[in-house]
Amino acid sequence: MSGPAEEGHLALGTKEDAVGHVVASGARLVRTAARLSDTALRAPSALPGWTRGHVLAHVAHGVDAYVWLLGLARTGREPGPRTGAAALASAVERDALLCADGIAARLRQNLDRFTARARAMPAPAWERLVPALAGWRHPARYVLARCLRELETHHFDLDSGYGTEQWPHAYVTWALEDTLATLRAQGFPLASVEAVDLGRRWSLAAQGASVAGAGHQVLGWLTGRTPASALKADRPARLLSHPPAWPQPPLPGWGHVGDDA
């Protein structure tokens with residue numbers, strides 16, 4: 001079964017291109033983490049209730065989960081026990097207390113393992129379906145896009161000077177296509193979206209607001225990171241529908257765990 005995200009994935013180019021995007025994004029995040037003092041690491045992030053240490057610990061463990069998924073895709077067998085949601089939350093709380101050097105090193109090591117595993121993947125393994133922790137399945141190639149989304153979104157969430165305007169165009173284009181395809185399938189009441197700097201326009205529903213702005217501003221709003229007031233709309237920003245929780249699995253998607261497709 002194919003999903004609407006398959007077309008959007010092409011915005012990241014070939015598998016080698018996608019790996020390159022992850023490497024560059026990861027290097028930027030590691031540099032930011034390495035510049036933080038221990039005091040800055042304990043300061044609040046843009047995510048309610050989380051310090052910057054929480055954000056970086058979450059990303060490091062997320063990358064480790066993607067390594068696990070690539071191992072599953074490569075062999076068809078689980079590469080050891082999978083970390084569940086409760087254990088993952090406990091690990092994030094624990095590692096959020098690491099010193100800045102320690103958490104930057106942990107993140108760098110996990111990213112190095114991920115990119116090495118990705119570069120060594122045989123071509124057929126990329127099409128094997130793997131299960132997201134939320135219970136839906138996707139081809140292993142989508143792990144690259146998920147990892148890039150994790151890195152770019154949470155780099156912003158550190159609240160350390162990395163804004164949506166610094167999101168790479170390739171990432172913004174893919175994430176908009178992926179997100180808007182899902183919202184269209186859900187019947188989200190948004191008539192159209194235009195990313196003026198990307199020269200792209202998407203039609204979603206027969207009725208609803210039409211919004212326009214730079215692609216990073218649109219994505220920032222859709223992801224709950226920036227306000228709708230940053231966009232041009234054909235109705236007051238306060239009347240714009242609030243996007244649902246993000247990210248969501250592609251719809252109709254590639255199937256749920258236990259599906260035959």
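Residues are numbered from 1 along each chain as its sequence is written, and side-chain values use heavy atoms, leaving out hydrogens and water. Because the model is predicted, local features need pLDDT of at least 70 and side-chain atom pairs count only at pLDDT 80 or more, while totals for chains, interfaces and linings use all residues.

Seven of its eight residues are buried, so the rest of the structure largely encloses α9. Buried means under 20% relative accessible area, exposed over 50%, and partly exposed in between, with a 1.4 Å probe and protein chains only. W221 is one of the buried residues, and the cover over them includes α8, β3 and β5. After α9 comes G224, with a positive phi near 75°.

Now for the salt bridges: a side-chain nitrogen of Lys or Arg within 4 Å of a carboxyl oxygen of Asp or Glu. The whole structure has nine, including these:

| Pair | N to O distance |
|---|---|
| R28 and E152 | 2.7 Å |
| R141 and E127 | 3.2 Å |
| D157 and R225 | 2.7 Å |

R28 sits in α2 and E152 in α7, so their bridge ties together parts 124 residues apart in sequence. E152 counts as buried at 0% relative accessibility, whereas R28, at 22%, is partly exposed. R94, D95 and R106 are also linked, in a network of salt bridges.

How values were computed
Helix = DSSP H or I, 4+ residues; strand = E, 2+ residues; numbered from the N terminus. Contact = heavy atoms within 4.5 Å.
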